[in-house]
Structures are given as C-alpha cells and as structure tokens.
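Dear colleague,

Please find below the structure that I am handing over to you, together with its sequence.

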Amino acid sequence: MRQYLHFDLNARSVRKETQSGEALARSGRYHIAKTLVERGVATVDPMSPENPLIFSAGPFAGTNFSNANRISVGCKSPLTGGIKEANAGGTFAFAMGQLEISGLTLNGASDDWVVIRIPKDGEVTFDDATPYLGKGNVEAAAMLHEAYGDKISIALCGPVGEYGGLIAGIAFSDTDNRPSRLAARGGVGAVMGAKKVKAIVVDKHKMPTFHDRKKVMGTVRVYGDKLAEDAKVQALSQFGTAMTADVMNHIGAIPVNNFSIGRATEAEDSVFPMGGDYIHDQNVKRGGVVSHACMPGCQIKCSNVYFDKDGKEVVSPVEYETIGVMGTNCGLSDPDDLAELNFHANDLGIDSIEIGALLAVLMEAGDAAFGDLAFMHQAMDDLRVGNERGRDLAQGVARVGAKRGLKRLPVIKKQALSAYDPRVAEVTAISMMTTAQGADHTVGNNPTFNSTGVSVADLVKESFQLQVLCATNDSLGMCLFGRSVTNASQQMMVDAINDALGTDLKVEFYELLGLETLQLERQFNIDAGFDEDDNALPTFFNDEPLPPTNKTSRLKAADVTPVINELLND
C-alpha cells in the first residue's frame with residue numbers, strides 16, 4: 001500500500017488516500033491524464049487555482065531498479081492549452097517511494113509563498129518560502145539543504161516560474177543534490193509558481209515494502225543484466241545523449257540556424273565539436289564525469305558533468321536536446337559556450353528547447369547574428385531579473401513570434417520542436433505532430449528510421465506503436481532509455497508489477513496501459529478545443545528544402561490525423 005497526498009493549498013491542509021494494487025501500476029502519465037479528464041480541467045484557465053498540479057511516482061520508485069525512479073508532473077499546460085505530462089530523473093520519485101507515497105496533487109493556490117515539507121516522521125508542514133524567493137535554483141537548493149539537511153530531495157520552482165513565465169519547468173535534485181533534473185516542458189513551473197509553492201522537500205528513508213520483495217529484487221538483477229548486454233545502452237553509458245548529435249549531424253537532421261540547415265559541419269567527415277565523441281574526449285581530458293547517474297540505481301548513467309578548461313565543473317548535464325536547439329540551432333559551435341548557457345537555463349529552471357528555439361527565431365529576425373553569445377547571455381540576464389523583455393521572452397516561441405509577426409516559427413501546439421528536423425526524421429515528426437503533448441519527441445522518438453519508400457500511413461503506424469510503448473514507460477516511472485530492454489521484456493515487467501503489488505495482471509496490461517493513456521490525452525485536448533489543424537507542421541518544413549539532403553516534408557495534418565485516430569479507436 002501507498003499513500004496519495006491531496007493538498008488544499010488555500011486551507012494549508014492535506015488529505016491522505018490509501019492506494020494499493022493496480023491503482024499503483026496506473027501511475028505517472030496515465031494517472032495524470034485520467035485525473036485531469038475526470039475533473040474536467042480541459043476548460044479551466046491553466047494559470048488559475050482550478051488547474052491541479054500532479055506529481056506521480058511509479059510502482060518501483062524508492063528502489064535501485066535501474067530506470068524506474070522518474071517523476072511525472074502534469075497539469076493543463078499554460079503554454080499549449082492542452083494536456084501536459086513532463087517527467088524528469090533525479091531523486092524526487094525515489095524519495096517519495098521511500099516514504100511510500102505514490103503521488104501528490106496541489107489543489108488551489110496558497111495566499112503566501114510556501115515550502116511544503118514532507119518528513120519521514122511527523123506531519124506535513126507549510127513553511128515560509130520568503131528567504132528563497134528570487135534566488136537561482138543553485139542558491140535556493142543550497143539554502144534548502146542548509147535548512148533541512150542533505151538526506152532530502154527537492155522539487156523547486158525557479159525564478160522564472162515565480163513570475164509565471166511559460167517556459168518555466170520544475171527542477172529536481174540529482175544524485176549529488178544538484179537541482180539539475182528538469183521536468184521542463186509545457187510550463188509546469190509556471191503553474192507551480194501560480195500556486196505560490198516555491199519548493200517541496202521530501203525526506204529519503206528506506207526501501208518501500210512490496211508484496212514479494214525477493215522476487216522484485218530478482219527482476220532488478222535480471223533487468224540490470226539485460227541492460228549490460230545491450231549495445232545501444234552501453235553506447236549511451238559511454239557517450240551519453242550527446243552522441244545523438246553526431247548521428248543527427250551525420251544524417252542531416254540536426255537543427256542549425258533556426259532549422260534552415262541540417263548539418264552543422266561543412267563536410268560529413270569533419271570534426272564536430274558539438275558532438276558526443278568530441279565532448280566525451282574533451283571532458284575526459286579535463287577531469288569531467290562522462291558517465292553519471294541522474295537517478296539512484298541507474299546502470300545506464302547517460303548523464304554527464306561538464307568541466308571547463310581549468311578543470312572546474314560548469315554544468316550537469318549537457319544533453320542532446322540542449323546541444324541541438326540551444327546550440328547549433330542558435331549558431332553555436334563551441335561546447336564551452338553552450339555549457340555556460342546550459343548552466344544559466346538550469347539555474348533559471350527553464351526549458352532549454354523553448355528558449356533555444358526562441359533565440360534562434362529572434363536571430364533570424366535580425367535581433368542578432370547567429371552565434372551571438374552576448375545576445376544570448378543578455379536574454380538569460382533579462383529572464384533572471386524578470387524585466388519587461390525577460391517576461392516577454394518567458395512567454396515562448398509561439399507568443400513572441402506572433403507578437404512580432406514572424407512566420408518561421410518551429411512550433412506545434414505552441415510548443416517548440418525538439419532537435420530533430422521533420423524533413424528527415426519523419427517518424428519522430430509524426431509523433432511530435434500527433435501527440436496531445438505538443439511538439440515533444442519523447443512521446444515516440446525514432447529519428448533514424450529509414451522511411452524511404454514507406455507510405456505516410458505506415459509511418460504513422462510506426463509512430464503510433466512507439467507512442468503506445470512510450471506512454472506505458474511514462475506511466476510506470478521508467479526511463480525511455482531502457483526501452484530496448486523494457487519493451488522487449490513485457491512479460492518480465494508485468495510479472496515484476498505483480499510481484500511488487502500483489503496483482504494478477506496479464507501481459508496485455510503493458511500495452512493497454514499506454515493505449516488508454518493516449519486515448520485519455522486525446523479526449524482532454526478535444527475537450528480543450530483542439531482539432532486536426534493543431535497537428536500541422538509549420539509550413540516552412542513543407543516548403544523549404546533542407547541542405548544537405550534537400551528534402552522537404554511530405555507530412556500533412558490531413559493525412560496523419562485520420563490514421564492516428566483510427567488506431568486510437570481500435
């Protein structure tokens with residue numbers, strides 16, 4: 001059994017609900033979608049107290065089960081106007097699991113800024129957050145650790161979230177207590193700020209109880225062995241997600257200069273300083289950490305700790321999406337420059353994809369040249385102090401672009417595209433088009449799928465199957481980077497759920513969980529007023545050839561939407 005905490009922020013009270021069995025397996029993204037649909041949240045103002053903010057941990061949270069300690073955060077997105085589940089690694093779900101808490105919902109809004117304290121012993125408290133307001137995440141986290149100790153995990157609303165910036169995420173503690181793991185997309189940090197919750201502080205304690213702990217731990221070992229034998233997983237362990245930059249650059253799908261070029265080097269065999277190989281070797285020479293676990297127990301360790309030329313830590317982590325959208329897409333070519341900007345984005349608690357895409361759009365519009373570091377740093381400074389320009393930038397690509405009358409805006413459902421050009425990475429493009437989540441690659445990413453000679457309908461089917469499996473992983477608190485093992489071992493995963501929770505679920509439950517999640521998310525967006533046109537790619541992807549492949553996109557909302565709807569209805 002686990003406890004679910006329902007907070008009434010207006011009354012500063014909490015109601016505890018006991019959960020057991022299958023309800024604990026239907027967690028994460030599924031739980032968020034089900035709750036939001038049942039409560040009719042689709043029609044509320046996303047920045048109003050009526051928009052709940054949900055934190056949900058998976059059934060294995062609190063253990064050393066590799067990949068099983070991700071936290072899901074959800075609400076109606078103030079950025080897209082649709083449903084949003086943003087998830088992150090770190091230690092927050094781990095701490096929740098160790099206190100045998102399955103999730104918590106923030107209802108209403110506090111009159112004053114608070115820190116919610118969830119201890120291993122005693123009652124939940126609502127503490128004064130005044131000392132932490134306006135601080136960057138690094139300073140605020142250090143102050144919180146000084147106040148509450150080291151054996152805690154923190155969910156933190158950054159300074160941009162405090163003033164309702166729609167590019168704000170929620171930062172979570174990593175395994176070294178850095179506030180560096182962000183549930184970044186969709187404006188979840190703005191919703192936390194609207195509720196005047198500066199931080200949630202949860203004690204770490206001990207491994208939770210299970211129906212058959214011995215069998216669960218046996219699966220943990222088997223799963224770890226399978227990861228160790230998987231070549232893709234081992235590549236991630238060595239080079240991290242940054243290695244994706246090499247692959248995308250090679251196939252001509254990395255965004256460069258506001259998605260106008262698909263390769264950042266003049267020749268295919270040129271040294272690529274923004275790629276995983278180069279960053280790995282440079283970091284090794286400088287004494288940096290090239291294989292770092294963001295979650296307790298993770299064997300993949302695809303994170304990193306980036307060091308500068310003087311052997312000092314700059315930021316953790318440097319990930320591919322940041323490399324692609326805030327790096328090459330803005331004309332950067334030196335990973336040192338990117339790492340410094342990456343630190344500021346983390347410290348502000350903002351989505352590096354959204355701010356990177358916006359700055360590239362503004363560069364193209366003539367505000368600065370591509371690669372202008374001073375321009376990018378000034379934007380970070382403006383966001384930090386929350387001046388008029390900073391608050392304007394904090395509204396994201398779609399709103400700033402519309403205000404300026406700009407046309408080449410790489411957004412779907414008002415959210416910036418991830419670092420995969422749709423003209424080349426077609427399956428990923430369809431996932432970003434058709435998901436209710438906005439242009440989010442994590443819902444179904446396969447950028448290297450060879451789509452030559454494959455019909456659009458068959459590409460949609462490929463994307464759909466990925467979306468189902470990714471939704472399952474997100475609903476179980478599992479990291480997608482283990483999916484080559486997880487999705488191929490569905491019976492093992494369902495057996496582990498049964499051993500953990502005392503259920504008698506069949507293997508069919510695994511994919512059914514993902515399918516039902518997608519159906520609920522679609523229903524939410526229909527209720528919120530979304531239609532087929534909201535699945536469209538920006539037209540420049542259809543009209544402009546992308547060097548060096550010179551491809552244009554053949555993907556149209558009118559072609560992909562009926563197929564995805566038919567699959568969802570089956």
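I begin with two phenylalanines: F7 and F126 are both buried, where buried means under 20% relative accessible area, exposed over 50% and partly exposed in between, with a 1.4 Å probe and protein chains only. Please note that this is a predicted model, in which local features need pLDDT of at least 70 and side-chain atom pairs count only at pLDDT 80 or more, while totals for chains, interfaces and linings use all residues. Residues are numbered from 1 along each chain as its sequence is written, and side-chain values use heavy atoms, with hydrogens and water left out.

Aromatic contacts

A search of the whole structure finds 9 aromatic pairs; rings of Phe, Tyr and Trp (its six-membered ring) pair if their centres lie within 6.5 Å, and planes under 30 degrees apart count as stacked, over 60 as edge-to-face and the rest as tilted. One of them joins F7 and F126 edge-to-face, at 6.0 Å centre to centre and with 80 degrees between the planes. F7 belongs to strand β1 (residues 2–8) and F126 to strand β8 (residues 125–128), so this pair ties together parts that are 119 residues apart in sequence. Helices (H or I, at least four residues) and strands (E, at least two) are DSSP runs, numbered from the N terminus.

F259 and F541 form an edge-to-face pair as well, with 5.6 Å between the centres and 85 degrees between the planes. This pair links distant parts of the chain, 282 residues apart: F259 is in the loop between α9 (243–251) and α10 (276–286), and F541 is in helix α22 (residues 539–543). Both F259 and F541 are buried.

Two arginines sit over rings (CZ of Arg, or NZ of Lys, within 6 Å of the ring centre and within 35 degrees of the ring normal). The charged end of R26 is 4.8 Å from the ring centre of Y30, and R408 lies over the face of F540 at 4.1 Å from the ring centre.

The second largest pocket

The second largest pocket holds about 330 Å³ of space. A pocket is an open set of points, on a 1 Å grid over the protein atoms alone, where a 1.4 Å probe fits, with protein on both sides within 12 Å along at least five of seven lines; lining residues have an atom within 4 Å of a point. Among the 20 lining residues, the closest to the centre are T434, R522, N535, N565 and L568. At least two lining residues come from each of α18 (456–475), α21 (508–527) and α23 (557–569), and α21 gives the most, with 5 residues.

Helices α18 and α20

In α18, 15 of the 20 residues are buried, and the helix is mostly covered. G477, which follows α18, has a positive phi, near 75 degrees. In α20, 10 of the 12 residues are buried, so this helix is largely enclosed by the rest of the structure. Among the buried residues of α20 are Q490, M492, N498 and D499.

A buried glycine

G169 is found in the loop between α5 (159–162) and β10 (170–172). G169 is buried, with a relative accessible area of 1%.

Yours sincerely

Conventions. Grid points are joined across faces, edges and corners, and a volume is the space filled by probe spheres set on the points.
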